[in-house]
Amino acid sequence: MDEKISRPIAPEPDTDFVITRVLRAPRERVFQAFTEPADLKRWWGPKGFSVAGARMDLRPGGSYHYALHAADGAVLWGKFQYREIVPPQLLVYTNAFSNAAGELTRHPLSPTWPLELLTTMTFDEHVEGTLFTLRWSLLPGATDDERQTFDRSHDSMDAGWRGTLDQLAAHVETF
């Protein structure tokens with residue numbers, strides 16, 4: 001293992017949200033699906049949403065700002081602020097809701113949702129392709145209400161991410 005790659009610590013019970021998936025594609029391809037705007041546009045987001053208006057500056061300190069359009073016409077804006085990028089092994093960024101100008105906002109349906117989450121994605125070689133692991137962690141300074149909301153939301157996060165990873169799998173496994 002490359003010593004320069006930071007690995008997240010083990011999750012604390014009822015704190016970090018972690019989901020894994022083995023994808024039947026090389027890790028370079030899976031990593032590309034997260035780092036190329038044209039790829040993200042084809043699969044990113046919950047089922048029933050489509051990406052529009054995306055802008056990416058893929059470098060530590062850079063960002064990915066995007067709009068998700070729902071079938072009912074609703075628009076959700078989001079923003080990643082990249083912290084660490086190690087192709088094709090690791091992506092670390094903060095994840096937040098935003099407005100069209102890229103300013104951070106609260107979750108449109110949950111005022112106690114954390115303003116930002118630390119996202120750590122690892123892409124490990126696996127006999128069947130790539131072992132993808134996502135970890136969402138609260139940042140220091142999260143309020144008690146934000147912690148409680150985050151902890152209570154693990155089941156819905158799991159369901160949402162499973163749907164998103166189904167779309168990712170369909171995208172990367174067709175190449």
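The largest pocket is lined by 31 residues, and those nearest its centre are Pro46, Leu76, Phe97, His107 and Trp136. A pocket here is an open set of points on a 1 Å grid over the protein atoms alone, where a 1.4 Å probe fits, with protein on both sides within 12 Å along at least five of seven lines; lining residues have an atom within 4 Å of a point. The model is predicted: local features need pLDDT of at least 70 and side-chain atom pairs count only at pLDDT 80 or more, while totals for chains, interfaces and linings use all residues. Residues are numbered from 1 along each chain as its sequence is written, and side-chain values use heavy atoms, with hydrogens and water left out.

The volume of the largest pocket is about 760 Å³, taken as the space filled by probe spheres set on the points, with grid points joined across faces, edges and corners. Strand 3 (63-70), strand 4 (75-86), strand 5 (90-98) and helix 4 each contribute at least two lining residues. Helix 4 gives the largest share of the lining, five residues. Helices (H or I, at least four residues) and strands (E, at least two) are DSSP runs, numbered from the N terminus.

His107, one of the residues nearest the pocket centre, sits in the loop between strand 6 and strand 7. Its relative accessibility is 22%, so His107 counts as partly exposed; buried means under 20% relative accessible area, exposed over 50%, and partly exposed in between (1.4 Å probe, protein chains only). Apart from neighbours within four places in sequence, His107 is in contact with Phe97 and Trp113, contact meaning heavy atoms within 4.5 Å. Leu131 is 24 residues from His107 in sequence, and the two C-alpha atoms are 30 Å apart.

Next come the aromatic pairs. Rings of Phe, Tyr and Trp (its six-membered ring) pair if their centres lie within 6.5 Å; planes under 30 degrees apart count as stacked, over 60 as edge-to-face and the rest as tilted. This rule gives 19 aromatic pairs. In one of them, Tyr64 and Tyr66 are stacked, at 5.2 Å centre to centre and 20 degrees between the planes. Tyr64 and Tyr66 are both buried. Trp113 and Trp136 make an edge-to-face pair, because their ring centres are 6.5 Å apart and their planes stand at 70 degrees. This pair links distant parts of the chain, 23 residues apart: Trp113 is in the loop between strand 6 (104-105) and strand 7 (117-126), and Trp136 is in strand 8 (residues 129-138). Trp113 and Trp136 are buried as well.

Side chains of opposite charge can pair when their charged atoms come close. A salt bridge is a side-chain nitrogen of Lys or Arg within 4 Å of a carboxyl oxygen of Asp or Glu, and the count by this rule is 10. Arg135 and Asp16 form one, at 3.4 Å from N to O. It joins distant parts of the chain, with Arg135 in strand 8 and Asp16 in the segment before strand 1, 119 residues apart. Arg135 is buried at 10% relative accessibility, and Asp16 is buried at 14%.

Glu125 and Arg27 form another salt bridge, their closest N and O atoms being 3.6 Å apart. Glu125 lies in strand 7 and Arg27 in helix 1 (residues 27-35), so this pair ties together parts 98 residues apart in sequence. Glu125 is exposed, with a relative accessible area of 61%, whereas Arg27 is buried at 15%.

Within helix 2 (residues 37-43) lies Asp39, which forms a salt bridge with Arg42, the closest N and O atoms being 3.7 Å apart. Arg42 and Asp39 are three residues apart in helix 2, about one turn of the helix. Arg42 is exposed at 58% relative accessible area, but Asp39 is buried at 4%. Beyond its neighbours within four places in sequence, Asp39 is in contact with Arg29, Gln32, Ala33 and His171.

Helix 3 (residues 144-152) has Glu146, Thr149 and Phe150 as its buried residues. Seen down the axis, these fall within an arc of 100 degrees, so they line one face of helix 3; the arc is that of the directions from the helix axis to the C-beta atoms. The exposed residues Asp144 and Arg152 are on the face turned away from the buried side. The buried residues of helix 3 pack against strand 1 (17-23), strand 7, strand 8 and helix 4 (154-172).
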